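Visitor: Please look closely at one helix pair in this model. How is the packing of two helices described?

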Amino acid sequence: MPDTKLMQIPGHIDPVPVPRPGLVEGVTPREDGRVDLIGLPKKRIAELFETAGLDARAAKLRAKQVFHWLYHRGVIDFEAMTDIAKAMRPWLAARFVIGRPEIVEAQHSSDGTRKWLLRTADGHDFEMVFIPDADRGTLCVSSQVGCTLNCRFCHTGTMRLVRNLTTGEIVGQVMLARDALGEWPKGGGTMAGLDDFDEDGEDGGSYSSDGRLLTNIVMMGMGEPLYNFDNVRDALRLVMDGDGLALSKRRITLSTSGVVPRMAQCGEEIGVNLAVSLHAVTKEVRDEIVPINKKYGIEELLQACADYPGASNARRITFEYVMLKDRNDSDEDARELVRLIKRYKLPAKVNLIPFNPWPGAPYECSSPERVRAFSDIVFAAGISAPVRTPRGRDIDAACGQLKTAAEKKSRAELERLYAEKEKALG
Ligand code: SAH
Ligand code: SF4
């Protein structure tokens, strides 16, 4: 087996892929030795072509053509690249591949939500979710296999093994979704074996002016995206690149549990909308349910939000707030939330998320009346506070339900794991 770069908790909190001699940095090695081009920017593709024997000019030209076929047309076979000389195509195919994460399982919720269990070339499983709505289609993308953090209400936090996804594995999720939705421009590639969204008519209809179903991306799948900053940034750059997948940064939202030192960089270098998993307004409760709070407290976090580059009344920061019965859902909590948002003069909206249960979870969801009362208090202060409708609960695709290994842990085992993760967090 190639290097798995798998990380056992406890360990580094920010697992960084270590380049090894002979391997292409940031690309998951394949057993057949070929290099996956997905995830590489045009310049890197040109360098690889040059190393493989093309002269500099030819390498640059071919890289430009190949890049267009990869990201704009979605082809997965060099033979389909009709403006590349016939003789050259097998030369490319012998050295490179156009990868997609492998689909292990595809599930379909009764509400139209889709969840895919995906696998990396070196055998690690992660998940991706597509949520169709009346006026948009949102892809929920994972940034890590598992998560080094351990928010007490989140199933992903109970996973022991963690590995950063590569740039290609992150952007590959978006490409896979476009494959499945049949959304590449005409003449683009289609993948055999994928179930087709359009055929059953259920997701029919077009949401955007150009007729696309996939209109929005949220970095809200498995993992903490700001603990895998470089790969997330590079993947989102490919998604936003006009020659690439060409999705507007206004339609992309990155959610963080509060990795304060990376937030300004996120605004500057990626420029996407920010969502923050606040979930509590006192140190005592947030320390318990979002333990990264012990490292970066509420004040520091809200100051980083106030300083977030690009935030404005037109581009508000979303505060996610999971509703946990008798833990963070009182009228007093709602009033404190309003006070904090006003104190930091934040252009904010609040997203109230009914807690999605999972086996062994130590919390219950607040009652609908409580959620409504909480929402009303925030609304009355002039801050939008919609309640998020849980989607895909029947296939465990809702927020915080993602977890790949089907292992069950006892409460004592979970407490031990959480203690280990917190020790690693320092
Ligand atoms: N790690 C990032 C992004 C992934 S989680 C983060 O924490 O922000 C996406 C959202 O789902 C976060 O707001 C997270 O706190 C929330 N969430 C996690 N578990 C949940 C659960 N069981 N019920 C409802 N929301 C949950
Ligand atoms: Fe990780 Fe986010 Fe889950 Fe917390 S809520 S454990 S940061 S994925």
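Guide: In this predicted model, pLDDT (the predictor's confidence in each residue, from 0 to 100) stays under 50 over residues 8-21. For that stretch the model has 30 contacts (heavy atoms within 4.5 Å) beyond four places in sequence. Residues 187-209 also stay under 50, with 49 such contacts. The protein averages a pLDDT of 87, and 87% of the residues score at least 70.

Residues are numbered from 1 along each chain as written, while chains are lettered from A and ligands numbered from 1 in written order. Local features need pLDDT of at least 70 and side-chain atom pairs 80 or more, whereas totals for chains, interfaces and linings use all residues; side-chain values use heavy atoms, without hydrogens and water.

Two packed helices are described by the angle and the distance between their axes. Helices here are DSSP runs of H or I, at least four residues, numbered from the N terminus. H1 (residues 42-51) and H2 (residues 56-73) pack at about 130°, axes 8 Å apart; axes are lines fitted to C-alpha atoms over the stretch in contact, and angles run from 0 to 180 degrees between N-to-C directions.

H1 contributes Lys42, Ile45, Ala46, Phe49 and Glu50 to the contact. From H2 come Ala56, Ala59, Lys60, Arg62, Ala63, Lys64, Val66, Phe67 and Leu70. By class, nine residues are nonpolar, none polar and five charged (nonpolar: Ala, Val, Leu, Ile, Met, Phe, Trp, Tyr, Cys, Pro; charged: Asp, Glu, Lys, Arg; polar: the others, including Gly).

Notes
Helix = DSSP H or I, 4+ residues; strand = E, 2+ residues; numbered from the N terminus.
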